[in-house]
Amino acid sequence: MSRSAHLLDTPHHDGSCRYVSQPFPRLGDTVDLLIRVPHVADVRSIHVRSTPDAEPAFTAAQVDRTTERDTWWRAPLAMHNPVMNYRFLLQGGSAGYQWLNGTGLHERDIPDAADFRITTFPAPPAWSREAVVYQVFPDRFARSAAAADRPVPDWAVPTSWDAPVAGRGPLTGRQLYGGDLDGIIEHLDHLVELGVTTVYLTPFFPARSNHRYDATSFDVVDPLLGSDAALRRLTAAVHARGMRILGDFTSNHTGVGHEWFAAARADEHSPERGFYHFDGAEYAAWLGVESLPKLNFESPELSRRLFDDEDGVVKKWLSGPEALDGWRVDVANMTGRLGSQDKNADVARQLRAAAEAARPDALVIGEHCHDFSRDALGDGWHGVMNYAGFTRPLWTWLRHPGHAPDFLGLPVIVPRLGGRAVMETMREFAALSPWSVRRHSMALVGSHDTTRIRSLVGADAAQVDVAAGLLLTMPGIPMITYGDEIGMLGDFGEDGRRPMPWDADPITPDPQDGSTPPAWDARLHTVYRDLIAMWRTHIALREGGLRWVYAGDDVLVYLREHPDQSALVHLARLAHEPVRLPAAALPGIAGGAAAYGPDPRFEGEDLVLGADGPHVGVWTWHPGE
């Protein structure tokens, strides 16, 4: 049988340690770049094209070594500017002239937008490279006995733990299930057993809603969740288990009930007046929502209180031994932006500097739902929530044809696309930012703001296996929303904010029987647990580069390459014809072992990958040359 139309004969480079000698160089350093060129590509010379001080410059690459199948070329890149973009000019091949950039090979001139990038900004904290993040929505995760004695505020509607959520309507933000911080402590062992290493709490500040993105103060913990002491107990319990913990706040707006806004309204000469965009009695509100007045970063006093003050929100909650380990920043893409004002980059850098001043190993992640290339170079946010480059392409591949998910306000139905479109989308978005930013951005199949993955895929729960497989084999920090690991449902964000069903009996259903999913799918829990364990065990999956191998409508195949290990990933959403690859193009693969799923088949000189339904397979080995 003929071989599949694979990409193993294509020259390759990425920003990982397999191809770049220093992932975090300093200004003035020289970095060695490697490019792997299969002999069949017939490349005779290579130059690296960079743009120091915005002027193109070319540096000749030299042959570093030659193997039976490939020639490895090496070229120096001087770190003349804090951000150096580069691409490769290849002479030879069928056209005689090709560019290689982050989106692949091009037989024509191309703009700089998709060039590879390397920066001189300080590295994110080392612990974040080992992080598997678990997102907790405090009101819905777990309720301690102490919650029953807390007074209910006037905005809230007490709701029993087993009552359905009001996904839309006047009750949506008012339902109070009573989850609290001590409840989270009582269930931390669930997270440990699952294998996650980092807890990410959505906001815990006082507010007038259950989601708490309308904070009325940044100074204390919401009494409905416990107290400042309860947060310290939680952080201590998390740290005692060897885990980390992130908080969540918005630097874009406050609630209309915030103490700053009250002062601003009461006295037009107060310093707090400058914290907001007032025009007479009117003020700018985030997306026109009057309860969320937008912050104005033209005010030096606002910046001082948020970032410089030791008791400001950024530093206070990161200080001391029983403190948070970092922040996820809500609406990071809109922070500091309104009309002609754009202070976004300044805010990102100030916030990170403040966080690192309080805690040198703090991690700062910005929420971003679309192209983040102009906002995330690594000098501000360490990374972002990668909705655009991971979540949305995953959804287009795995969404059930009969399900129309609500993707953060998208006015049309999310299309269902084939694997090649998914590969090209992921590759194009990845090419727009430095490798370090992609590696330290959260990869997620969904969040508290989106459709649940179990609802997205429809009746066939085995499709969730594929989503989790993609999550835990792609570059990035894997993030799991509470309940996804047991198959929690939700057609859209608020509908998916359901209470964790701790009293439900774990059930192991046939993943393809199409019946109503159980409240606690024990099979999916095992899938998530095993895939997380795989990710934590294999360095190629945590630190390796990404080399696409094959994409068909129903199948994706790619390599994660690290100097000490290679991993071949085979994912299928449906049964597909066997993918036949030359085993010689994967030196050492015959001596490997299955990290997840069945062994691949070897037929003569070919590696054969097949699937009779949804499939996750990962094969690892020590790389040859």
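Of the 625 residues of the chain, 61% count as buried, a term that here means under 20% relative accessible area with a 1.4 Å probe and protein chains only. The model is a predicted one, in which local features need pLDDT of at least 70 and side-chain atom pairs count only at pLDDT 80 or more, while totals for chains, interfaces and linings use all residues. Residues are numbered from 1 along each chain as its sequence is written, and side-chain values use heavy atoms, with hydrogens and water left out.

The radius of gyration of the chain, taken over C-alpha atoms, is 25 Å, which agrees with the value near 25 Å for a compact globule of 625 residues; that rule is 2.2 Å times the number of residues to the power 0.38. Along its principal axes the C-alpha trace spans about 75 × 60 × 45 Å.

Rings of Phe, Tyr and Trp (its six-membered ring) pair if their centres lie within 6.5 Å, and planes under 30 degrees apart count as stacked, over 60 as edge-to-face and the rest as tilted.

| Pair | Centre to centre | Angle between planes | Class |
|---|---|---|---|
| Phe205 and Trp317 | 5.9 Å | 65 degrees | edge-to-face |
| Phe218 and Trp260 | 5.8 Å | 75 degrees | edge-to-face |

Phe205 and Trp317 are 112 residues apart and link distant parts of the chain. Phe205 counts as buried at 1% relative accessibility, and Trp317 counts as buried at 7%. Phe218 and Trp260 are also buried. Ring pairs join Phe204, Phe205, Phe218, Phe249, Trp260, Phe275, Trp317 and Trp327 into a cluster.

Terms used:
Buried means under 20% relative accessible area, exposed over 50%, partly exposed in between (1.4 Å probe, protein chains only). Helices (H or I, at least four residues) and strands (E, at least two) are DSSP runs, numbered from the N terminus.
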